[in-house]
Amino acid sequence: DKILYLNLYYKMFDGVLAMTNALCKYHQIYSRKDAKIFHLPMTVDMKRFAINIERDNFISYIGNKSYYKDGVEILVKSFLVIANLYPNWNLVIIGNSGYDDKIRKIAMNADLDKRIITMGNVHRDNVPELLCRSKILALARPDNLQSEGGFPTKLGEYLSTGNLVIVTAVGDIPLYLKDNESALIAKPGDLECFAEKIKYAIENYENLNNVRKAGHNVCVNNFDSK
């Protein structure tokens, strides 16, 4: 099946919309020489996230079946490292991570069951308010083949809220975001580094308005569906 796709099916394309540079290069190898390859990382309807709402001390993540794919395990364990330092901050997991029971067990063992909140799946209409209400939005995606070839659409939603984003340097993300300029960027797979970024974000939140605004501008200039 793979040989059929690579040598026949791909040759039928007149054009390709690819989310990442890795996919652009891949299709350049197997597509026809005259095929048009267009790099389109993602799009977001920014009007959905233009909500004037009071921000709470939440560090939030949204995703489905993503405990390992998006590094939810690293995010949860990073929060455990800093939780006692900042008792007024909570971690919110929106969507079914695929291991919500495991997360709840970890939270209970750490006596943080009221501060690590698993919401399960929510209606898409509720997503903008949940993200806008959270001061910090986090994505601890690990470095692997999937993150190299894919691009997280949730990152556009994060940035469109104008809230502070903490993300890992995987795939094409560093092409758009710079550490401490438009987001806080951690090393992928490094729990201590991610925890330090959370700590820095909380302690300096009021002084990071320029980072939040710059991240929002990155979204306007690169991901706005209009």
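Helices here are DSSP runs of H or I with at least four residues, strands are runs of E with at least two, and both are numbered from the N terminus. What you have on screen is a predicted model, so local features need pLDDT of at least 70 and side-chain atom pairs count only at pLDDT 80 or more, while totals for chains, interfaces and linings use all residues. Residues are numbered from 1 along each chain as its sequence is written, and side-chain values use heavy atoms, with hydrogens and water left out.

Back up into α7 itself. This helix is mostly covered, with 6 of its 8 residues buried, where buried means under 20% relative accessible area, exposed over 50% and partly exposed in between (1.4 Å probe, protein chains only). The buried ones are Lys154, Leu155, Gly156, Tyr158, Leu159 and Ser160. So what covers them? The list includes β3, α5 (127–133), β6 (134–139), β7 (164–168), α8 (173–176) and α10 (209–222).

Helix α7 (residues 153–160) also gives the largest share of the lining of the largest pocket, 3 residues. A pocket, on a 1 Å grid over the protein atoms alone, is an open set of points with protein on both sides within 12 Å along at least five of seven lines; a cavity is a set where a 1.4 Å probe fits but cannot get out, and lining residues have an atom within 4 Å of a point. The largest pocket has a volume of about 180 Å³, volume being the space filled by probe spheres set on grid points that are joined across faces, edges and corners. Its lining is made up of Ile62, Gly63, Asn64, Ile94, Gly95, Asn121, Val122, Val127, Thr153, Lys154 and Glu157. That splits into 4 nonpolar, 5 polar and 2 charged (Ala, Val, Leu, Ile, Met, Phe, Trp, Tyr, Cys and Pro count as nonpolar, Asp, Glu, Lys and Arg as charged, and the others, Gly among them, as polar).

Around it you'll find Leu159, Asn163, Leu164, Val165, Ser182, Ala183, Val211, Arg212, Gly215 and His216. Helix α10 gives the most to this lining, with 4 residues, and the cavity's lining residues divide into 5 nonpolar, 4 polar and 1 charged.

Next, the aromatics. A search of the whole structure turns up 13 aromatic pairs; rings of Phe, Tyr and Trp (its six-membered ring) pair if their centres lie within 6.5 Å, with planes under 30 degrees apart called stacked, over 60 edge-to-face and the rest tilted. Tyr68 and Tyr99 have ring centres 5.3 Å apart and planes at 75°, so they are edge-to-face. This pair links distant parts of the chain, 31 residues apart: Tyr68 sits in the loop between β3 (56–62) and α3 (72–82), Tyr99 in the loop between β4 (90–94) and α4 (100–109). Tyr68 is partly exposed at 44% relative accessibility, and Tyr99 is partly exposed too, at 37%.

Elsewhere, ring pairs link Tyr9, Tyr10, Phe13, Tyr26 and Tyr30 into a cluster. His27, in helix α2 (residues 21–30), counts as buried at 11% relative accessibility. Leaving aside neighbours within four places in sequence, His27 is in contact (heavy atoms within 4.5 Å) with Tyr10, Phe13, Val16 and Ile37.
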